[in-house]
Amino acid sequence: LDTKNGVIKFVAGGDGFGETAYFKTNAPDLSTAVGIAIDSSIWLLFRDGTIRKYTSGQDDGLKTSGFDKPLSNPTKIYTNTTSTNVYLLDNGNSRVVKIAKNGSFQAQYLVDVAANAKDFDVSEKDKKIYFLARDKIWEIPMQ
């Protein structure tokens with residue numbers, strides 16, 4: 001993710017990897033993007049709490065729903081090909097929000113350390129969330 005030049009994709013070729021633009025048409029304004037996660041699609045998180053999903057360079061028109069309060073100072077987004085959900089680090093509300101890949105709210109995990117977290121990771125298999133905050137790694141269980 002490059003907030004000035006967009007999402008850069010590297011494609012394997014006979015002479016190594018070639019650089020190409022990811023977005024086919026109508027590239028979004030990424031000047032306020034704060035996070036990126038990749039599964040078979042590209043998920044972008046913006047400073048205002050907007051989440052956008054792109055597949056093969058096209059906007060999927062993702063709509064989020066069911067949040068009890070809006071995201072406040074979101075900083076990171078997490079998913080991958082084996083995750084069944086998407087997770088958002090919402091520093092302003094001291095929580096991690098879990099949404100389904102269709103955008104619907106699933107759960108939230110309120111924890112004081114999330115307010116100061118610099119990064120986070122999720123293990124759905126182990127039902128744990130890990131935070132990097134205050135120069136330590138913190139672990140909380142997911143229900």
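Phe120 is buried at 8% relative accessibility, where buried means under 20% relative accessible area, exposed over 50% and partly exposed in between (1.4 Å probe, protein chains only). The model is predicted, so local features need pLDDT of at least 70 and side-chain atom pairs count only at pLDDT 80 or more, while totals for chains, interfaces and linings use all residues. Residues are numbered from 1 along each chain as its sequence is written, and side-chain values use heavy atoms, with hydrogens and water left out.

**Aromatic pairs**

- The structure holds 3 aromatic pairs; rings of Phe, Tyr and Trp (its six-membered ring) pair if their centres lie within 6.5 Å, and planes under 30 degrees apart count as stacked, over 60 as edge-to-face and the rest as tilted.
- Phe67 and Phe105 form a tilted pair, because their ring centres are 5.9 Å apart and their planes stand at 55°.
- Phe67 lies in the loop between strand 6 (58–59) and strand 7 (74–78) and Phe105 in strand 10 (residues 105–110), so this pair ties together parts that are 38 residues apart in sequence.
- Strands (E, at least two residues) and helices (H or I, at least four) are DSSP runs, numbered from the N terminus.
- Phe67 is partly exposed at 23% relative accessibility, and Phe105 is partly exposed with a relative accessible area of 24%.
- The pair of Tyr78 and Phe120 is edge-to-face, with 6.4 Å from centre to centre and 65° between the planes.
- Tyr78 in strand 7 and Phe120 in strand 11 (residues 119–123) are 42 residues apart, and their pair links distant parts of the chain.
- Tyr78 is buried, with a relative accessible area of 16%.
- Tyr78, Tyr87 and Phe120 are linked into a cluster by ring pairs.

**Ser83**

- Ser83 sits in the loop between strand 7 and strand 8 (85–90) and is buried at 8% relative accessibility.
- Leaving aside residues up to four places away in sequence, Ser83 touches Tyr78, Lys101 and Glu124; contact means heavy atoms within 4.5 Å.

**Sheet 11-12-13**

- An open sheet is formed by 3 strands in the order 11-12-13, with antiparallel pairing; two strands pair if DSSP finds at least two bridges between them.
- Strand 11 and strand 13 (136–141) are the edge strands, each pairing on one side only.
- From one strand to the next, the twist averages 20°; axes are lines fitted to C-alpha atoms, for helices over the stretch in contact, and angles run from 0 to 180 degrees between N-to-C directions.
- Strand 11 pairs with strand 12 (residues 128–133) in the antiparallel sense over 5 bridges.
- Ser123 stands opposite Lys128 in strand 12.
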